[in-house]
Structure formats: structure tokens, C-alpha cells
Amino acid sequence: MSDDDRRVLVTGGGTGIGAAIARRMTAGGDRVWVMGRRREPLEAVGVPVIVGDVTRDEDRRRALEVTGDLDVLVNNAGVGDAGWQQTLDVNLTAAHELSRLAAEGLARRGGSIVMISSVAGLVAAQGAPGYAVSKAGMLMLARSLAVTLGRRGVRVNAVCPGWVRTPMADSEMLAIAGEPEEGYRKASAHVPLGRPGTPEEVAAAVAFLASPDASFITAATLTVDGGASVVDVGMLAFAPD
């Protein structure tokens, strides 16, 4: 690859949505690195890997030394309900710090940042307040950075997936059913499109926001949830069986 190829860093890129984003952008001709704590799943993606913890400053700096100035930073690394502080550290603070460190290089190359948030950042649910707060924080972080970096030519956007078939979501489904498939069926019962998403569908949204086709889009939130977040839950009792 030449130095003119776009340089992309995907955090949490070893499985699920992160891996799908890395593969999608590699297929589009980008030079992609994936960052995560476990080498084996990272190497299975088939792109250069950076083994590191996004919550550690030395690992963040080392990652950017490896990639050089970036064209696209995808802040995808995340955990579920891992306790208040750890969840905020991984999902929100690490995204802020890595974006801050990458900003100079992104400005030099007219790049963009994509935050992988969640519909949990848009609507409230029972339990896991740390996760919801971290994902809502990512949305405001994207908007704040879009304002701060816009005059330097850097765009910042966010994607909010709903339920997507990933290893993390599979484990969540076991909380509502004996096996993941039944769990996805129950979780998607009131989703307008009637099903969970795929990592590839989220990756397509990210690829668009990072592309020249989105050159005048910044501070935007793109919801990829099959319509779930617009359902009026108070009216579900009146829905036909």
C-alpha cells in the first residue's frame, strides 16, 4: 500500500462490530489497524494488529506511533455493565483521550472520527446505568469534538446500533431465553423490521460516515436499529397480536 492510502484505526476490532468495520474498510482499499487486548481474535481479522488497552495512555500513544497520522479513527472499544467506573473508563474516557491524541494528525489529513455509541444512549432502560450514561456521553462527545475540530477540517459523527448479532449480544440474550436465537426473537418482537441487525450493517453505516460521500456531515447521530428507538412503548398494549 502507498502512503496515499487512507489510514484507519478501529479500537475493539477483534470481534463483532469492530471486526466487521475493519473488514469493510479494508475491502474498500483502506489501510486498517485493529486495536484490542487479545491478540488471537485481532489476528483473525486479517489486518495489522495493535495489542493494547485503550484505557492506558501509553498504549494509546503507542497505537498512534504505529499508525502515524490517521484519516479515520473508529472508537468502537466497549464493555457492557462492568461497573460504573470501568464502564466509563473504557466506553467514554478512552474514546475522548484517543480522539484528543489523534486530533493533530486527523487535522493534517482532513480526517474523521466515528463513535460507536448505542441506542442505550438515546433511551432509558432498566439496569446498567453506567453503560447507558457512557453511550449517551459518547454522543455529546461526538458533538463537542465536531464543534471543536470542525474548523480544522475534521468531521466527527456517531452511530447508534440497536441489537446486533455479536458475541457480546449473544451472552446478553441468555438473560431472557435459554439460547441466543430465542433471545433475539424476544428482543426484536417490537422492532419495526422484526429482527436484530448484523455487524456488517453497522459497518456499512460507519463506512459511509467516514467516506467522501459524507463530506458535509458532522455532529450527526446515525441510528442503525431497525426502527426500535422510535416505537411508542406506551401504545404497545394496543398493537394487534
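Helices H4 and H5 are roughly parallel to each other, because their axes cross at roughly 15 degrees and angles under 35 degrees count as roughly parallel. The model described here is predicted. Two packed helices are described by the angle between their axes and the distance between the axes.

**H4 with H5**

- Helix H4 spans residues 84–109, and helix H5 covers residues 129–149.
- The axes of H4 and H5 come within 8 Å, and H4 passes H5 in a right-handed crossing.
- From H4, the contact draws on Trp84, Thr87, Leu88, Asn91, Leu92, Ala95, His96, Ser99 and Ala103.
- On the H5 side, these residues are met by Pro129, Gly130, Tyr131, Val133, Ser134, Lys135, Gly137, Met138, Leu141, Leu145 and Leu149.
- By class, the contact of H4 with H5 holds 12 nonpolar, 7 polar and 1 charged residues.

**H3 with H4**

- Helix H3, residues 57–67, has an axis that comes within 10 Å of the axis of H4, and the two cross at roughly 40 degrees.
- H3 and H4 are therefore oblique to each other, and H3 passes H4 in a right-handed crossing.
- Asp57, Arg60, Arg61 and Leu64 are the H3 residues in this contact, where they meet Ala94, Glu97, Leu98, Leu101 and Ala102 of H4.
- The residues of the contact of H3 with H4 comprise 5 nonpolar, no polar and 4 charged.

**H1 with H8**

- Helix H1 (residues 16–27) and helix H8 (residues 199–209) have axes that come within 8 Å and cross at roughly 55 degrees.
- H1 and H8 are therefore oblique to each other, with H1 passing H8 in a right-handed crossing.
- In H1, the residues in contact are Gly16, Ile17, Ala20, Ile21 and Arg24.
- Their partners in H8 are Pro199, Glu200, Val202, Ala203, Ala204, Val206 and Ala207.
- The contact of H1 with H8 has 9 nonpolar, 1 polar and 2 charged residues.

**Aromatic side chains**

- A search of the whole structure for aromatic pairs finds 0.
- Arginine 165 lies over the face of tyrosine 184, at 4.8 Å from the ring centre.

Note on methods: Residues numbered from 1 in each chain as written. Predicted model: local features only at pLDDT ≥ 70, side-chain atom pairs only at ≥ 80, totals over all residues. Heavy atoms only, no water. Axes fitted to C-alpha atoms, helices over the stretch in contact; angles between N-to-C directions. Helix = DSSP H or I, 4+ residues; strand = E, 2+ residues; numbered from the N terminus. Parallel < 35°, antiparallel > 145°, perpendicular 65-115°, else oblique. Left-handed = near helix turned anticlockwise from the far one by under 90°. Contact = heavy atoms within 4.5 Å. Nonpolar A, V, L, I, M, F, W, Y, C, P; charged D, E, K, R; others polar. Phe/Tyr/Trp six-rings, centres within 6.5 Å; stacked < 30°, edge-to-face > 60°. Lys NZ or Arg CZ within 6 Å of the ring centre and 35° of its normal.
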